[in-house]
Every structure is written in C-alpha cells, then in structure tokens.
Amino acid sequence: MPSAVEPARPLPVYFIGHAGVNLLFDESPRNRIVQDNLRRIGQEIRAISPRPKAILTFSGHFEAGEIHGPGVIEVNVKRGTYIQHDFVNDFHDSKPFVYEYEWPHSDAPELAIKVWKHLNSQGIKSKRVDRGVDHGVWVPSKLMFPPENPLDLPIVQVSTFHGYDLESQIRLGEAVSSLRNEGYLIIGSGMAVHSFSSIAEIQSAPSDEAKELARKKVLTESRSFDTHLRAAVTKHDAAERKMALLNLEKLPEFRRSHPTVEHFTPLLVAAGAAGDAESVEPLGVDVVEPGMSYLNVQFS
C-alpha cells in the first residue's frame, strides 16, 4: 500500500525502455532479455521502503497537445483511467488479442491535482486533462507489475512538452525533482533509440544483400548513439549531465536515432529530476538493435 511516511532521502528516478505491445507476446531471445530486465526493475521498485505514495510517469506517448501552444504541460486528473490500445501498428488482422489486454491499476486524482498545483508554483504552465493510460506506461508495467501481483501504488501521469525544445524537458524534470522527497517515484518511459524510419529503410531495400548492408549501417548508427547517450546520462553532476545530453543533438546520429523526439524526452525529464546523483546505473542486459535501444537507467 502507498506509504503516508515521507522518505528519509529522495526516492530514486528511473528511465525505462518501454518497447511496443509485441514486448508482451514476442518469444525471441532478444525480447525475453527486455522482458527480464523490466521484471527485475519491478522487483526493485517493490522493495523500496517505506513505500512511495505514487508513481509519477512521463511517457513517450503522452506529449502535451500542440493546441495548447509551446510551454504547456498536461496532468491527467481522471478517476478510473482506462487502458489505451494506442499502438503504432494495426494489429486487428494479425494479432487481434492485443486489443483485449488490460492492466489492473489505480489512479489518484487528488495527488494529480497536487502535482498540477506544484508545477504551476514552479513556473510550469499546466493544464488538467482526462485521458487513459497509454501503452508507454501499461505495456512495461504488465511485466514489471503483472496482474497476478498487481501494483500497490497509484499512477499519476504527466506529459512532456510538445516540440523540440530539449532543454525545456530537463527543466520540467528539475521542477518535479523535489516531489521525490514527498514520496513520488518518478519514471520516464521512452526509448534511447527509436527510429521507425531507419527500420523502414532496411525493410524497403531492394534485395537481401541491400537489406543486410542497410541493417549493418543502421545498427552501427544505433550503437554509436547509444554509446554516446550512456556516457552523457551516467554523469553524476547534474550540470555536466545536462550539458552532455543537450550536446547529443549535434551528433549526426541524433536525427537518425530520433527522427521525432517524443521517445527521447522522457529520458531528459528523468535526468533533470535526478539532480546531482550519488549513483547512475544502467540496469539489466544491454539490448541495441537496428533503430532501437532498450536502455534502462536508475538514478539515486
């Protein structure tokens, strides 16, 4: 059960590589590694004592609506949130069962309102919205906190900023950092590398030989960016980490690894929330493939 006791020290911050819904049914060796990594993180979170009061999530599938204009954050205050089957691919013919997936969870609108007020007090313009739980939260959570051993903490969902201002995402993390002292466990859910366009480049190659050449090229780019990202995000000093992360945008591999930035920004929020960290540790077995990296990180 959520704890009413505030932690003696700030709660850790996590960034997880959330993958897609295929994470739940793909039996490949690579996928089993990603699954096991997330299960171990779930076990680690369950062992936190005293228990957090809530999990504060920032997902690659919850970016503030463009209609609000720049510099606005959304906070979900809905009671009785539903599961969104918001997949990129259409599985209705090939895997219709994925639309039946559920994930038992609870929400806490009263805590969400407190977070909304906190953000506004920190100079972050925020709007309250009603929405469901996107797959960037519930898909990894089905492994971390499976239905047979459900999560005993409510979920509070906060968006990232809309757009390409990467520094603003770090400022958002900095704005919620103090909530770690109040019992909120912060989790950013995205991908260290997320490039469907690179994957499409491989798939559209005209021959098997061309596909293999494209696969090797994309894998080299993905591994290179993942290596640079790990070096940046694992810096303990907050200012050094911030500068190193923002400098990643200058790399030629950046746009190849993130043609759009919504899966990168939750990592920036998590890094900002971590502040100066005693420990920054990648978690689990490394999995990098062409166009994707499933990096997980704990900041404490």
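This is a predicted model: local features need pLDDT of at least 70, side-chain atom pairs count only at pLDDT 80 or more; totals for chains, interfaces and linings use all residues.
**Salt bridges and nonpolar cores**

At 28% relative accessibility, E201 counts as partly exposed, because that class lies between the 20% limit for buried and the 50% limit for exposed residues.

E201 forms a salt bridge with R256, and the closest N and O atoms of the two are 3.1 Å apart. This pair links distant parts of the chain: E201 sits in helix α5 (residues 196–203) and R256 in helix α8 (residues 252–257), 55 residues apart. R256 also counts as partly exposed, at 24% relative accessibility.

Another salt bridge lies within a single helix. R215 pairs with E212, with 3.2 Å between the closest N and O atoms. Both belong to helix α6 (residues 208–233), and because they are three residues apart there, about one helical turn separates them. R215 is partly exposed, its relative accessible area being 31%, and E212 is partly exposed too, with 32%. Elsewhere, salt bridges that share partners join E201, K217, E221 and R256 into one network, so the bridge between E201 and R256 has both of its residues in that network, given that a salt bridge is defined pair by pair.

In the whole structure, a search finds 17 salt bridges. One of them is between R51 and D152, whose closest N and O atoms are 2.9 Å apart. This pair, too, links distant parts of the chain: R51 is in the loop between α1 (29–46) and β2 (54–59), D152 is in the loop between α3 (135–144) and β6 (154–157), and 101 residues separate them. R51 counts as buried, because its relative accessibility is 16% and the limit for buried is under 20%.

The nonpolar side chains are the next topic. In soluble globular proteins, such side chains tend to be buried together. Here the largest nonpolar core has 50 residues, of which L56, L119, L229, L245 and F299 touch the most other members. Helix α9 (residues 265–274) gives the most to this core, with seven residues. L119 can be followed in detail: leaving aside residues up to four places away in sequence, L119 touches I73, V75, I124, S126, V158, L172, A175 and V176.

Notes. Residues are numbered from 1 along each chain as its sequence is written. Side-chain values use heavy atoms; hydrogens and water are left out. A salt bridge is a side-chain nitrogen of Lys or Arg within 4 Å of a carboxyl oxygen of Asp or Glu. Helices (H or I, at least four residues) and strands (E, at least two) are DSSP runs, numbered from the N terminus. Buried means under 20% relative accessible area, exposed over 50%, partly exposed in between (1.4 Å probe, protein chains only). A nonpolar core is a set of buried Ala, Val, Leu, Ile, Met, Phe, Trp, Tyr and Cys residues joined through side-chain atoms within 4.5 Å. Contact means heavy atoms within 4.5 Å.
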